[in-house]
Amino acid sequence: MDLDVFIDRHRESWQRLEALVKRSGRLSGAEADELIELYQRVTTHLSVVRSQTPDPATVERLSSLVAQARSVLTGTHTPAWRTFTRFFTHRLPAAIYLGWRWWVPAGLAFYLVTGLVAAWIATNPDVQASIAAPDELREMTKAGGGYESYYSSDPAGSFAAKVWTNNAWVAAACLLLGVLFAIPPIYLLFTNALNVAVGIGLMFGAGRGGLFLGLLAPHGLLELTAVFVAAGIGMRLGWQVIDPGKRTRAQALAAEGRSVVAVALGLVVVLLVSGVLEGFVTPSGLPTWARVGIGVVAEVLFLLYVFVIGRRAARQGETGDVDASEREDVAPVAV
């Protein structure tokens, strides 16, 4: 192939495509159709040049022209930082907010069960004796005992990482296993409530309950709220299996499942914060009021994030699902 002849023959098409690309925001319908046709034609020209006469200057020119035309036709991709920002300012808080009717009652039920069981244990020596032998109970509840020393049992960084990993697994189990008719999240919440109640009940029974709550509150408020969110969203996912509404069960699970993924990613960050609090603040030498105050501030900030930013995003139409352009295509069906 004679490259000079090829260039001379198609130069007008290339120049015309360049002109249309430069006017991309002001094209008429006919010009837009022409742009598509020329893009396809010049793409073929580029392929021919590459395969038969790979002249670097011509290949570079046509590659640049084809790339510019493709950008005009398909639109530019959203920058990664913008997608990341929108996730945390719209999608995540909206997904958590829209599930509040599930996770808020779950949290209230958790605290109710924990309080009742803890009071039962604290006021019944026979129940305490059934949990462990007297010597073991004294070892766990004494000053510097098992419950008190637990939070300083490992270096702060290592302890925070271990706690974060464990809590992330619990949250993931609540979210993903919720599809099994919402039973696993309920079970996990109940067993966790019993575990927390045993510690509180034994420490109050030993007259050291206030100290124990002072150790729990700095990290526990945010940590437990994250677990409530995971359990509530997981139960909502399970409810879609039982009652998908006007959608098919597959469509309901797909939409809800994408929101679950968003919540799971967000809770990783929330649990990281609670893990840092548990590793560095809870065992610190700060006064109890300061440690508890830090935990309360973290909890309040999270709730404001959900019920202010999340509610605003939900009112703007955000559902926690991915953008429509990223969802699966759905074939039309008869009504």
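Asp321 and Arg258 are both buried in this predicted model. They form a salt bridge, with the closest N and O atoms 2.5 Å apart. Asp321 lies in the segment after α13 (288–315) and Arg258 in helix α12 (residues 249–281), so the pair ties together parts that are 63 residues apart in sequence. The structure holds eleven salt bridges. The chain averages a pLDDT of 88.

**Other salt bridges**

- Side chains of opposite charge can pair when their charged atoms come close.
- Arg208 pairs with Glu148 in a salt bridge, and their closest N and O atoms are 2.8 Å apart.
- Arg208 sits in the loop between α10 and α11 (209–242), while Glu148 belongs to helix α8 (residues 146–149), so this bridge ties together parts that are 60 residues apart in sequence.
- Arg208 is buried because its relative accessible area is 19%, under the 20% cut-off.
- Glu148 counts as partly exposed, at 27% relative accessibility.
- Glu139 and Lys142 make another salt bridge, with 3.3 Å between the closest N and O atoms.
- Glu139 is partly exposed, at 45% relative accessibility.
- Lys142 is also partly exposed, with a relative accessible area of 40%.

**Buried side chains and their contacts**

The contacts listed here leave out residues up to four places away in sequence.

- Trp103 is found in helix α5.
- Trp103 has a relative accessible area of 4%, so it is buried.
- Contacts of Trp103 include Ile96, Thr225, Phe228, Val229 and Gly232.
- Leu303, Val306 and Phe307 are also among the residues that Trp103 touches.
- The C-alpha atom of Trp103 is separated by 22 Å from that of Arg249, which is 146 residues away along the chain.
- His45 has its place in helix α2.
- His45 is buried, with a relative accessible area of 6%.
- His45 touches Phe6, His10, Trp14 and Leu62.
- Thr53 is in the loop between α2 (29–52) and α3 (56–74).
- Thr53 counts as buried because its relative accessible area is 19%, and buried means under 20%.
- Thr53 is in contact with Met1, Leu3 and Val48.

- Seen from the surface, Leu177, Val179, Leu180, Phe181, Ile183, Trp239 and Ile242 make a nonpolar patch of about 650 Å².
- Leu177, one of the patch residues, is found in the loop between α9 (156–176) and α10 (183–205).
- Leu177 is partly exposed, at 39% relative accessibility.
- Ser158 is placed in helix α9.
- Ser158 counts as partly exposed, with 43% relative accessibility.
- Ser158 and Gly279 are 121 residues apart along the chain, and 8.0 Å separates their C-alpha atoms.

**Spans annotated in UniProt**

- An unreviewed UniProt entry lists residues 100–122, 168–189, 196–215, 221–239, 260–277 and 289–308 as "transmembrane region".
- In the model, residues 100–122 are 100% helix and 0% strand.
- The end C-alpha atoms of residues 100–122 are 32 Å apart.
- Residues 289–308 are likewise 100% helix and 0% strand.
- The end C-alpha atoms of residues 289–308 lie 27 Å apart.

**Confidence**

- A pLDDT of at least 70 is reached by 94% of the residues.
- Over residues 328–335, pLDDT stays under 50.
- For residues 328–335 the model has three contacts beyond four places in sequence.

Note on methods
Residues are numbered from 1 along each chain as its sequence is written. This is a predicted model: local features need pLDDT of at least 70, side-chain atom pairs count only at pLDDT 80 or more; totals for chains, interfaces and linings use all residues. Side-chain values use heavy atoms; hydrogens and water are left out. Patches are made of residues with over 30% relative accessible area and no salt bridge: like charges are joined within 9 Å, nonpolar side chains (Val, Leu, Ile, Met, Phe, Trp, Tyr) within 5 Å. Accessible areas come from the Shrake-Rupley method with a 1.4 Å probe; for residues, only the protein chains shown count as cover. A salt bridge is a side-chain nitrogen of Lys or Arg within 4 Å of a carboxyl oxygen of Asp or Glu. Helices (H or I, at least four residues) and strands (E, at least two) are DSSP runs, numbered from the N terminus. Buried means under 20% relative accessible area, exposed over 50%, partly exposed in between (1.4 Å probe, protein chains only). Contact means heavy atoms within 4.5 Å. UniProt positions are given in the numbering used here, feature names are shortened, and annotations may be inferred rather than shown by experiment. pLDDT is the predictor's confidence in each residue, from 0 to 100.
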